[in-house]
Amino acid sequence: MNGLDGVRAPGPLIGQPVARVGGEGRVTGANEYVADFHLPDELHVKLVTLPVAHARIIAIDPTATLAMPGVRCVFTAADVIAAAGEMPRFGPQFNDRPVIATGEAKYFGDPVAAVAAETRDLAEESARLVRVEYEQLPAVFTIAGALADDAPLVQEGTKTNVLRHHDIAWGEVAKATAELVVENTYHFPMVTQFAIEPHAFIAAPDGDGIAVWSSIQHPYWLQRILARVLRLPLAKVRVHAPDPGGAFGGKQHAKYEPLVAFMALKLGRPVRLVLSLEETFVAVRRTETEIRVRTGVNNDGTFAFQDIDADYLIGAYADIADRVVGKGSYIGNGPYNWPAARISARSILSHTVPSTAFRGFGNPQINWAVESNITEAALRLGMDPLELRLRNLASFGDKFVPFDTACDGQWGQAVRRVAELIGWDSPKPEGRGRGIALGIKSGPTTGLSYALVRLLADASALVYAGTSDMGQGARTIFAQMCASELGIPVERVSVVSGDTAVVPYDQQTSASRSTVLMGNAVVTASRQVREKLVALAGGDGAPTDELVRRALGRMGGEISAMGEARKDAQPDHPLGGSAAFFEFNATAVELSVDVETGDITVHKHATVSDVGRSINRLQVTMQDEGAAIMGLGHTIMEHYIFDADGRIRNLGAIDYRIPTSMDLPEEMLSDTIENGDGPGPYGAKGMSEGALLPVASAVAAAVRDATGVVVRDLPLSPENVWHALRQRDGQ
Amino acid sequence: MTMRINLTLNGRPRTFSVQEHHTLLDALRDDLGLTGTKECCLVGECGACTVRLNDRIVDSCLVLAAEADGGDVVTVEGLAPEPGRLSPLQSAFLEKGAVQCGFCIPGQLMAGDDILRRYEHPTRHDIEEGLAGNLCRCACYYQIVEAVEAAAHGRAHEETQLVESAVVREMPPHVVDQ
């Protein structure tokens with residue numbers, strides 16, 4: 001990665017909890033999300049789906065729908081094929097997903113038709129009248145089902161539902177021995193991102209091109225997908241990406257944007273599709289995972305080997321899920337030094353919702369298994385689980401994954417700090433248990449971000465940065481960086497994003513990359529502007545506004561520069577590139593369990609992340625604590641429930657519970673480790689996912705500590721914990 | 001079938017026509033163009049569409065527009081005392097770090113505002129319970145609770161000062177308590 005030349009001491013603005021850019025609009029209702037935009041003469045779209053997981057589409061009869069005044073079209077695969085000559089397929093990894101179901105519906109929720117009508121009511125009502133004749137086909141929606149010898153194949157032209165294998169090994173696990181071997185199987189169910197903003201899409205003809213509005217994390221990737229399926233030059237595809245109302249990975253990649261684009265071009269009018277929450281549940285989810293792990297430890301507490309097989313159940317189309325499997329699993333051994341390790345992961349297709357990125361990107365699943373197994377190893381050795389972890393933890397510079405970036409932090413500091421926060425060595429109150437777990441995730445493996453900085457004639461500045469600000473506060477820290485480098489008040493900086501026709505290219509907003517990659521681009525551009533300013537002003541040594549007066553004189557104008565941050569692909573690396581940095585987190589909890597109900601009360605939740613350097617400490621805390629609470633959601637509450645036909649039965653907010661203000665730990669103790677050792681501005685690292693990674697493992701360890709029961713299938717819902725307690729008591 | 005509705009919206013009388021089956025949420029967003037109130041679950045669970053109707057807050061997705069006829073409706077757009085100024089609660093949300101993506105925030109603010117109206121000195125439990133119907137997936141819950149607490153404390157502080165000085169003055173634009 002091209003970094004910044006030389007470490008400079010952060011200015012006084014860095015680390016400060018400056019006011020959130022865009023904050024005021026968020027508390028007045030003025031901030032506009034995609035569904036808040038309306039275009040003149042727009043049509044409303046409603047999707048038509050089938051009540052089965054897998055079906056052959058025999059015929060689609062639009063007669064009754066089209067008979068309703070105000071219905072403009074019932075759009076199907078035939079319309080796409082008529083427009084494009086064939087069914088275009090797209091996806092971030094494989095071009096496998098059709099614009100709309102063609103021939104087969106491959107999962108519950110797969111749209112087979114889309115109605116466009118003059119009003120939203122009419123679209124919804126008339127969509128129910130579309131008659132789809134179909135033949136229900138056998139479906140697979142479990143790991144075992146998808147792997148069975150006689151399993152129906154999800155994608156045509158394949159011989160197995162295993163899409164890909166991801167194998168990594170070092171040392172010789174097959175020959176390795178240990179004085180204690182702990183072997184278990186763990187299960188992590190399907191959960192969903194549940195952004196409070198349901199996905200929304202608008203498309204409109206735009207001269208000789210197309211304009212699309214989407215609550216998308218990767219507007220430039222979407223632009224590329226649209227250009228390809230529509231056979232348009234990139235310059236004729238304009239993606240507007242207003243700030244997403246929460247994304248969590250679920251809004252990384254194209255979903256129905258190609259569909260609404262084809263509809264808008266056919267109808268010659270703007271079309272809008274705003275999903276219901278139920279529809280988002282069948283649009284995005286996390287992979288279900290089953291992990292078998294064998295952990296070899298010697299009696300003195302040194303790790304000998306670890307052997308992992310992880311099966312990730314992805315959906316009917318790959319989306320980014322196979323990458324989730326590869327990137328999530330390769331670092332599955334955690335932040336430890338293992339003499340020998342083997343990780344074998346598989347992405348397995350099924351007739352289910354295409355799974356995609358979700359905060360943690362495949363790591364929370366494998367962490368659940370590996371950290372739980374390490375706790376079990378400690379208990380069986382009679383060792384303190386904290387001590388066992390510290391004994392094997394990678395130190396700065398250790399190549400703990402031999403082919404990847406070396407340990408880039410003082411991780412032991414975080415572990416000791418979390419132990420201190422939870423009071424690990426203090427006596428436990430009656431009935432309480434404690435658990436600790438560590439999490440690690442690889443940051444981005446490739447990256448390319450450009451930022452344009454314009455210093456205007458009154459010493460205010462514009463930053464153009466294509467990062468999607470979906471709640472993490474990216475624009476705020478870019479304003480801080482620019483203001484700090486230019487020496488102007490942060491209130492005089494505006495940050496522009498969300499329009500591919502205006503803002504320069506950014507590869508993506510994911511993997512907690514933006515502080516580092518876009519941050520480096522913003523700082524680089526700002527420093528170049530500053531250098532030009534000083535040269536034009538004939539020297540430094542005056543306040544910035546005075547320099548601007550001298551430099552721009554009576555003509556006015558501006559000084560601008562483009563900054564670039566690049567991390568190139570490494571073709572010989574198993575992941576296509578090494579980690580730009582690691583997100584490291586240590587989490588510890590103290591809880592009690594109601595043995596009558598199985599209900600868990602978390603009394604204390606401590607989380608410590610190695611963030612390198614906080615650019616905005618308040619935002620860091622918000623991200624860290626938010627990730628921790630989101631982790632408690634999948635730990636204690638969340639899971640999809642399927643019926644025998646592969647339909648999800650708990651769609652929506654009533655039957656799928658996420659944490660509320662009544663489900664919080666009584667105390668949340670969060671802290672950071674800041675040694676300025678990251679590759680981003682002033683030594684920053686990315687940090688938005690770490691605190692989610694080890695939550696389930698820490699909570700399960702504490703439940704075990706409090707009650708003696710071991711739960712290896714998430715969630716640790718009252719029901720599951722209650723059953724485990726009954727089993728413990730021989731009932 | 002459409003029907004004519006008269007109501008007071010954020011202090012202003014409004015008259016409009018609405019489909020009789022449309023909810024108050026539909027009317028606010030689609031007929032009146034006030035998009036600050038958000039749509040998510042449509043079953044009264046997430047709280048993103050929370051508005052004030054007469055003397056209580058409601059999930060506007062569960063209330064027919066017709067039910068608001070003749071009523072007094074306050075939405076997030078009506079919380080600020082005047083354009084360009086924020087209410088103490090709105091300021092507290094920003095200062096405490098209660099706002100991330102922001103999508104749930106209009107509903108959280110309406111629920112927080114209701115807590116401040118119902119309790120002179122709300123306890124932490126009062127606040128947590130008062131916010132229980134408002135989901136935040138960014139999970140800024142601690143910060144939201146702190147913001148409501150801060151606004152309540154700021155108000156108490158302000159009242160003390162009013163009594164002491166016996167001079168009426170404007171509420172400060174920012175809550176500085178804590």
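**Ground rules**

I am working with a predicted model, where local features need pLDDT of at least 70, side-chain atom pairs count only at pLDDT 80 or more, and totals for chains, interfaces and linings use all residues. I count residues from 1 along each chain as its sequence is written, with chains lettered from A and ligands numbered from 1 in the order in which they are written.

**Confidence**

I noted the scores of the model, ipTM 0.97 and pTM 0.96. I then looked at pLDDT, the predictor's confidence in each residue, from 0 to 100. Chain B averages 90, and 89% of its residues score at least 70. I marked residues 162–178 of chain B, where the pLDDT is below 50. Beyond near neighbours in sequence, that stretch has 20 contacts in the model; a contact here means that the C-beta atoms of two residues, placed from the backbone, lie within 7 Å.

**First sheet entry, chain A**

For naming, I use DSSP runs numbered from the N terminus: helices are H or I with at least four residues, strands are E with at least two. I call two strands paired if DSSP finds at least two bridges between them.

I found an open sheet of 4 strands in chain A, in the order β21-β20-β19-β22, with mixed pairing. β21 (493–496) and β22 (558–567) of chain A are at the edges with a single partner strand each, so one side of each has no neighbour in the sheet. Neighbouring strands are turned by 15° against each other on average, direction ignored; axes are lines fitted to C-alpha atoms, for helices over the stretch in contact, and angles run from 0 to 180 degrees between N-to-C directions.

I followed β19 (residues 447–456) to β20 (residues 461–465) in chain A: they run antiparallel and are joined by 5 bridges. Arg454(A) has Leu462(A) in β20(A) as its bridge partner. What lies across this sheet? Helix α14 (residues 517–537) of chain A lies across β19, β20 and β22, at about 145° to β22(A).

**Another sheet, chain A**

I also looked up the open sheet β18-β23-β24-β25 of chain A, which has 4 strands and mixed pairing. Its edge strands, β18 (432–442) and β25 (667–673), each pair on one side only. The twist averages 15° from one strand to the next. β18(A) and β23 (residues 582–593) of chain A run antiparallel, with 11 bridges between them. I picked out Arg432(A), whose bridge partner in β23(A) is Ser592(A). Helix α17(A) lies across β18, β23 and β24 (600–610) of chain A, at about 160° to β18(A).

**Helix pair α16 and α17, chain A**

I stayed with α17 (residues 695–707) and checked its approach to α16 (residues 617–637) of chain A: the axes come within 8 Å and cross at roughly 60°. That makes α16(A) oblique to α17(A); angles under 35 degrees count as roughly parallel, over 145 as roughly antiparallel, 65 to 115 as roughly perpendicular and the rest as oblique. Among the residues of α16(A) in this contact are Ala628(A) and Leu632(A), while α17(A) brings Val695(A), Ala696(A) and Val699(A). By class, I read 5 nonpolar, 3 polar and no charged residues; Ala, Val, Leu, Ile, Met, Phe, Trp, Tyr, Cys and Pro count as nonpolar, Asp, Glu, Lys and Arg as charged, and the others, Gly among them, as polar.

**Chain B**

I turned to the hairpin of β3(B) and β4(B), which has 2 residues between the strands. Asn54(B) in the turn has a positive phi of about 55°. β3 (residues 50–53) and β4 (residues 56–59) of chain B pair antiparallel over 4 bridges, and Leu53(B) stands opposite Arg56(B). β3(B) is also joined to β5 (residues 72–74) of chain B by 2 bridges, again antiparallel.

**Where the chains meet**

How many residues of chain B are in contact with chain A? I noted 42, against 43 residues of chain A. By class, the chain B side has 27 nonpolar, 9 polar and 6 charged residues. The largest share of that side, 4 residues, comes from α5(B).
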